[in-house]
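Please open the model in your viewer and keep the sequence panel beside it. The stops below say what to select next and what is to be found there.

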Amino acid sequence: MNKFIKLIVVLTAFILITSSTGIADELVIKGSTTVLPIAQKTAEAYMAEHPSVKISLSGGGSGNGIKAIIDGTAQIGNASRFIKQKEVMLATGKGVYPVPFRVALDAIVPVVNNKNSVADLTLDQLKDIYLGKIKNWKEIGGTPGKIVVVSRDSSSGTFGVWKNLVMKKERVIPSALTVPSNGGIVQAVAGTPGAIGYVGLGYLNSEIKAVRVDGIKGSEENTLNGSFPISRGLFMFTKGWPKGETMGFISFVLSKKGQSLVKEAGSIPLF
Amino acid sequence: MLKRQVIDKGVHSGFLLIALFSITVLSLIVLFLFKEGIPIFEYVSIKDFVLGQYWYPTDDPADFGIFPLILGSVSVTLLSGIIAIPLGIMTAVYLAEIAPPKVAEIVKPIVELMASMPSVVIGFFGMVVVAPFIQQLFNIPVGLNMFNASLMLAFMSIPTICSLSEDAIFCVPAALKEASFALGATHFETIVKVIIPASLSGICTAVILGLSRAIGETMVVLMAAGGAAMIPGSIFDPVRPLPASIAAEMAEAPFGSEHYHALFAIGMVLFGFTFIFNLIADYISYKFRQVGEASL
Amino acid sequence: MIKQRLIVQKIWFSLLKVAAWVNGLALAVIVYFILSRGWRAVSWGFLTQAPKDSMTAGGILPCIVGTIALCLMTILVALPIGVASAIYLNEYAGHGKFIRFIRLGINNLAGVPSIVFGLFGLAFFCIVLKMGVSIASGGLTLGIMTLPVIIGASEEALKSVPNTYREASLAMGATKWQTIRRVVLPTAFPGIITGSILGISRAAGETAPIMYTGAVFFTPDLPASILDEVMALPYHIYVLATAGTQIEATRHLQYGTALVLIVLIFGMNLSAIIMRSKMRKKLRI
């Protein structure tokens with residue numbers, strides 16, 4: 001028993017001793033899962049160039065990112081939508097002034113299962129599907145089957161943009177499945193023959209099929225020339241004007257190298 | 001000698017203080033739940049909160065009705081109970097009465113290992129393996145639904161129900177059993193007519209605690225139930241039980257916002273459910289406990 | 001007439017047997033899937049490297065370290081308080097209403113849902129005590145969650161110490177505290193440790209209490225102090241499977257992480273079970 005107590009004492013001492021604060025430059029980034037691939041690539045590259053900087057990342061949704069900025073639990077909040085009026089008021093109420101940096105452009109592309117024959121939908125049809133007015137694929141020219149609507153959690157910026165631009169602020173039907181990330185939509189749609197969902201450009205891959213909106217394909221070209229109806233900017237918000245490593249990282253993302261990494265991640269660089 | 005006695009008294013008080021720690025923590029939990037949860041009722045009435053049918057917490061204006069969430073929790077728990085209660089009790093009876101000792105030595109650890117399986121792994125299994133399987137098997141649109149979650153929850157409740165029931169059955173005095181045999185009953189008839197009624201309070205406690213575990217379980221319902229805040233129409237509908245809503249939305253609700261308070265209020269409701277379950281279980285086990293057989 | 005009843009019995013007994021073995025089947029199925037799809041991902045590199053390439057390659061070392069750190073913190077919190085509470089309940093307390101009150105509190109603490117612990121941990125440890133997302137907050141949350149388990153196990157261990165030991169010690173003139181310290185505790189110690197290992201193994205697998213209090217999606221370094229956030233095995237499975245950037249591509253990593261977690265937990269459980277049966281044989285003089 002004494003040996004055991006000694007072990008616990010040693011471990012406790014170890015833990016307490018290493019509790020000495022040695023906060024190496026740490027950067028905490030939280031938020032949008034759409035921006036996450038960009039954040040991951042740029043963070044890895046930045047840490048390779050600046051070995052003393054420690055960047056920790058989280059997903060969770062744009063709402064998480066903005067909340068983290070307001071509450072001070074992160075230095076950078078990724079968001080795939082702009083900050084809401086409610087959030088601005090909450091922030092200024094706490095003495096926080098969020099500063100937006102647009103780091104990339106993106107399009108939200110509706111996706112269906114690879115086995116689905118539908119390849120084109122109008123904006124109104126998309127809205128009616130998500131309102132629950134269109135319930136069966138045969139109503140829009142596909143093979144008969146129940147439409148399984150997949151949407152995002154309320155924290156998602158992608159959802160926020162979808163709600164504004166497609167739903168025109170009307171509510172998505174409660175029976176829609178909700179997943180917590182873009183990756184989750186890909187997973188759900190790829191595994192369910194009757195499913196429909198929406199993801200950012202960076203998440204399009206061979207597991208799912210992209211659908212044209214009003215005949216226009218969701219692509220970099222169509223976003224830049226403004227013809228694709230569901231496009232948006234991707235942002236990194238900071239608490240007040242960024243200083244130190246935060247400023248360094250944001251500058252890196254906005255630099256040529258950073259923007260080439262944006263392209264690698266699948267989104268659209270600003271230049 | 002005096003010194004030893006003083007130390008002894010001091011130690012006694014010290015231990016008493018430490019023993020009160022659990023109650024203190026419990027009270028703190030209740031306190032914080034209420035402190036952070038009550039403010040939502042300045043925004044929405046209790047009746048609208050509990051019976052409201054729409055959960056759209058980030059809309060403008062927001063809707064904070066948790067009725068679909070409550071129904072989701074209740075339905076998933078009941079369905080898992082339908083699966084877990086018979087299996088759990090039957091396993092308990094088997095282990096306590098029928099199994100040869102060598103077999104019991106294998107089955108018991110199996111049940112204990114089931115209990116130690118982490119909830120996230122069970123939820124992962126439900127999401128990745130069971131969902132496509134039942135989607136194909138039952139030809140339903142999507143495999144992430146109430147049925148899936150209930151299956152996985154049953155896996156988690158069975159060990160609880162089984163071990164507590166087994167303890168209760170074990171505690172039935174041998175004299176009762178022997179008397180029944182002496183009157184000519186078969187083993188099975190003894191089990192059904194004597195042993196189970198005698199251990200009924202323990203079994204009830206086991207069932208209630210098992211259900212309480214199911215209703216409070218988070219990871220399984222977060223990953224396998226589908227996340228749709230709707231009132232379920234069939235067992236293959238996706239649902240969004242209370243713990244799943246809290247876990248999914250907690251990270252995005254800024255401290256002090258209405259959404260934040262609403263989530264704590266859901267926590268209050270959830271805590272209320274499990275608290276009542278535990279009180280009932282405690283009452284049953286105390287009131288109806290076996291206080292010795294009627295013997296000379 | 002008796003034949004009929006015996007046939008009924010035979011049928012029911014086989015049903016009961018089937019029911020019991022259904023559990024074994026369910027467990028086997030889960031273990032089979034995790035094992036068969038996960039073992040390929042597990043290699044020495046997997047266990048000793050950090051994640052690379054946006055978490056699509058590399059290993060889970062930070063998660064293993066994080067989980068161990070959280071477990072240690074849990075032990076630190078739950079063991080002393082739990083054993084002390086058990087000592088009071090078993091050695092000092094009477095049977096009155098006050099004791100029933102304390103026991104009610106412990107039982108209710110045991111029934112609190114894990115996400116409610118997470119909420120409390122967030123509101124109290126992270127915000128009020130300003131510990132933020134850290135091993136400290138996560139460990140404290142897990143600690144209070146594990147407390148009832150340790151109290152229960154310790155009480156059982158203390159109860160199994162024969163009263164004759166206590167009486168002999170008191171008869172030789174020792175005070176109650178001396179008796180506890182030198183006779184009862186050492187005898188009960190193996191049982192306490194066994195029960196505690198089982199409790200800790202539960203804490204190792206929990207996700208909801210640490211989601212907002214201790215664990216994060218990705219942090220590049222191993223934790224240097226208890227105020228650092230960590231990655232953890234159960235949380236890693238969850239984020240890779242639901243919030244990762246390439247869910248299908250990392251599927252084998254998810255299975256691998258699940259396998260490592262199960263092996264860790266089963267290992268702890270098995271060692272506790274073996275310890276317990278060894279002790280039982282020893283006490284059966």
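Begin by selecting chain A, which has ten helices and eleven strands, where helices (H or I, at least four residues) and strands (E, at least two) are DSSP runs numbered from the N terminus. Before going further, note that this is a predicted model, in which local features need pLDDT of at least 70 and side-chain atom pairs count only at pLDDT 80 or more, while totals for chains, interfaces and linings use all residues. Residues are numbered from 1 along each chain as its sequence is written, and chains are lettered from A and ligands numbered from 1 in the order in which they are written.

**Chain A as a whole**

Along its principal axes, the C-alpha trace of chain A spans about 70 × 55 × 40 Å. Of its 271 residues, 52% count as buried, a residue being buried if 20 or more other C-beta atoms lie within 10 Å of its own, exposed if 12 or fewer, and partly exposed in between, with C-beta atoms placed from the backbone. Among the contacts of chain A between residues at least 6 apart in sequence, 73% join residues at least 24 apart; two residues are in contact if their C-beta atoms, placed from the backbone, lie within 7 Å.

Now colour chain A by its two parts, domain 1 (2–105 + 233–264) and domain 2 (106–231), whose bounds come from an automatic or database domain assignment. The C-alpha centres of domain 1 of chain A and domain 2 of chain A lie 29 Å apart, and the contact takes 16 residues from domain 1 of chain A and 16 residues from domain 2 of chain A. On the side of domain 1 of chain A that touches domain 2 of chain A, the largest share, three residues, comes from α3(A).

**Strand β2 of chain A**

Next select residues 54–60 of chain A, which form β2(A). Are the residues of this strand buried or exposed? Seven of the seven residues of β2(A) are buried. A:Lys54, A:Ser56, A:Ser58 and A:Gly60 point one way from the strand, and A:Ile55, A:Leu57 and A:Gly59 point the other way. In a regular strand the side chains alternate between the two faces of the sheet.

**Strand β11 of chain A**

Move on to strand β11 (residues 231–239) of chain A, which has eight of its nine residues buried and so is largely enclosed by the rest of the structure. Strand β3 (residues 76–79) of chain A joins β11(A) through four bridges and runs antiparallel to it, with A:Asn78 opposite A:Met236. Strand β4 (residues 98–113) of chain A is also antiparallel to β11(A), joined by nine bridges, and there A:Leu105 stands opposite A:Gly233.

**From chain A to chain C**

Show chain C beside chain A: 31 residues of chain A are in contact with 26 residues of chain C. β2(A) gives the most to the side of chain A that touches chain C, with seven residues. By class, this side of chain A has eleven nonpolar, 17 polar and three charged residues, where Ala, Val, Leu, Ile, Met, Phe, Trp, Tyr, Cys and Pro count as nonpolar, Asp, Glu, Lys and Arg as charged, and the others, Gly among them, as polar.

**Chain B and its contact with chain C**

Now select chain B, which has twelve helices and two strands, and in which buried residues make up 53% of the 296 residues. The contact between these chains takes 70 residues from chain B and 68 residues from chain C. Helix α1 (residues 2–37) of chain B supplies the largest share of the side of chain B that touches chain C, 20 residues. That side of chain B has 50 nonpolar, 14 polar and six charged residues.

**The nonpolar core**

Finish with the largest nonpolar core, which has 273 residues, those with the most contacts inside it being A:Val150 and B:Val121; such a core is a set of buried Ala, Val, Leu, Ile, Met, Phe, Trp, Tyr and Cys residues joined through C-beta atoms within 7 Å. Helix α3 (residues 61–92) of chain C gives the most to this core, with 17 residues. Domain 1 and domain 2 of chain A both give residues to this core, so it lies between them.

Definitions and conventions: Pairing = 2+ DSSP bridges.
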